[in-house]
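Here is a short report for a first look at a structure. Please keep the sequence and the 3D view at hand while reading.

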Amino acid sequence: TAPRVVTAPTAEVGDVAADVVAAFIRREPTGVLGVATGGSPLDLYSALARRRAAGLDTSGLTLVALDEYVGLSAADVRSYRAYVQTLIAEPLGIPAGRVHVPSGADADDAAAYEATIDSVGGVDLQIIGIGRNGHIGFNEPGSELDSRTRVIELTESTRQANAPWFDDDPTAVPTHAMTQGIGTILDARALVLVATGAAKAPALAAALSGPVTTDLPASVIQRHPDVTVVADPDALSGA
Ligand code: GLP
């Protein structure tokens, strides 16, 4: 099954993606939601918080994050732990005991994170973004399609792309991260990919209709039976 592609104006991408996530939450109020970080899903998370204010009970969810930088403390506001806590868990009323983020520490912790995901029953719905180089999570090009959670080295292009979160200084962006593998991400029962902006157009086009290849990790969405892509016209301009 090819990914379902939903086009929405830039300002509405978050709300349209929130429709998909809210439908899941109504079906499975105690389900496991996989969450991406970065800029793309921010509007989606605020749209979910508005729906909570309007009566959607999000507090029973379990959250599982995709990735974490190596070398930042959990208290560092630039850590993905902090992002997930302040921008997702707190607005959605999810207690810390049901919020899982990789530690970013070492190989033992990578294996432990896989065990954590298993212990909550796997991810039901995984939200993902797409890097300009086609990465998902922090699975940079060259990552094996059956890879599991591990520490990887970030590419220069990814450190450049994420510099805005580090005072626009790419050298301040950690050199390594711990990420769910591509195989780990594919184990989620459904995927929702959110993308906006022309910078994502080449990677998104290749992900949707190019060859499935380690050169473009997001191309594996073609191998998953339940994928919804929500994107603006700029991001879809190459497709
Ligand atoms: C980041 C994250 C990914 C994210 C992607 C795109 O580095 N590790 O989870 O999906 O790259 O980020 P953005 O949405 O900010 O463009």
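How do helix 2 and helix 3 lie to each other, roughly parallel or roughly perpendicular? The model is predicted. The axes of helix 2 and helix 3 cross at roughly 15° and come within 9 Å. Angles under 35 degrees count as roughly parallel, so helix 2 and helix 3 are roughly parallel to each other.

## Helix 2 against helix 3

The crossing of helix 2 and helix 3 is left-handed. Helix 2 brings Leu 42, Tyr 45, Leu 48, Ala 49 and Arg 52 to this contact. Helix 3 meets them with Leu 87, Ile 88, Pro 91 and Leu 92. By class, the residues of the contact are eight nonpolar, no polar and one charged.

## Helix 2 itself

Helix 2 covers residues 42-53. It has 12 residues. From its first C-alpha to its last, helix 2 reaches 17 Å. That is close to the 16 Å expected at 1.5 Å a residue.

The buried residues of helix 2 are Asp 43, Leu 44, Tyr 45, Ala 47 and Leu 48. What covers them? The cover includes two helices, helix 1 (13-27) and helix 3 (80-92). It also includes strand 6 (125-128) and strand 9 (190-195). Just after helix 2 comes Gly 55, with a positive phi of about 120°.

## Helix 2 against helix 1

Helix 1 packs on helix 2 at an angle of about 60°. Their axes are 8 Å apart. That angle makes helix 1 oblique to helix 2. The crossing of helix 1 and helix 2 is right-handed.

Which residues make the contact? From helix 1 come Val 13, Gly 14, Asp 15, Ala 17, Ala 18, Val 21 and Ala 22. From helix 2 come Asp 43, Leu 44, Ser 46, Ala 47, Leu 48 and Arg 51. By class, this contact of helix 1 with helix 2 has eight nonpolar, two polar and three charged residues.

Pro 41 sits in the loop between strand 2 (32-35) and helix 2. Is Pro 41 buried or exposed? A residue is buried if 20 or more other C-beta atoms lie within 10 Å of its own. Pro 41 has 28 other C-beta atoms within 10 Å, so it is buried.

Leaving aside residues up to four places away in sequence, Pro 41 touches Ala 36, Ile 127, Gly 129 and Val 194. One of these, Ile 127, is 86 residues from Pro 41 in sequence. In space, Pro 41 and Ile 127 are 8.0 Å apart, C-alpha to C-alpha.

## Asp 167 and Asp 168

Now to another loop. Asp 167 is in the loop between helix 5 (156-161) and strand 8 (176-179). Asp 168 lies in the loop between helix 5 and strand 8 as well.

Most residues other than glycine have a negative phi. Asp 167 is not a glycine, yet its phi is positive, about 50°. Asp 168 is not a glycine either, and its phi is positive at about 60°.

Are these residues buried or exposed? Asp 167 has 8 C-beta neighbours inside 10 Å, so it counts as exposed. Asp 168 has 9 C-beta neighbours inside 10 Å, so it counts as exposed too.

Methods. Residues are numbered from 1 along each chain as its sequence is written. This is a predicted model: local features need pLDDT of at least 70, side-chain atom pairs count only at pLDDT 80 or more; totals for chains, interfaces and linings use all residues. Helices (H or I, at least four residues) and strands (E, at least two) are DSSP runs, numbered from the N terminus. A residue is buried if 20 or more other C-beta atoms lie within 10 Å of its own, exposed if 12 or fewer, and partly exposed in between; C-beta atoms are placed from the backbone. Two residues are in contact if their C-beta atoms, placed from the backbone, lie within 7 Å. The expected span of a helix is 1.5 Å times one less than its number of residues. Axes are lines fitted to C-alpha atoms, for helices over the stretch in contact, and angles run from 0 to 180 degrees between N-to-C directions. Angles under 35 degrees count as roughly parallel, over 145 as roughly antiparallel, 65 to 115 as roughly perpendicular and the rest as oblique. A crossing is left-handed if the near helix is turned anticlockwise from the far one by less than a right angle, and right-handed if clockwise. Ala, Val, Leu, Ile, Met, Phe, Trp, Tyr, Cys and Pro count as nonpolar, Asp, Glu, Lys and Arg as charged, and the others, Gly among them, as polar.
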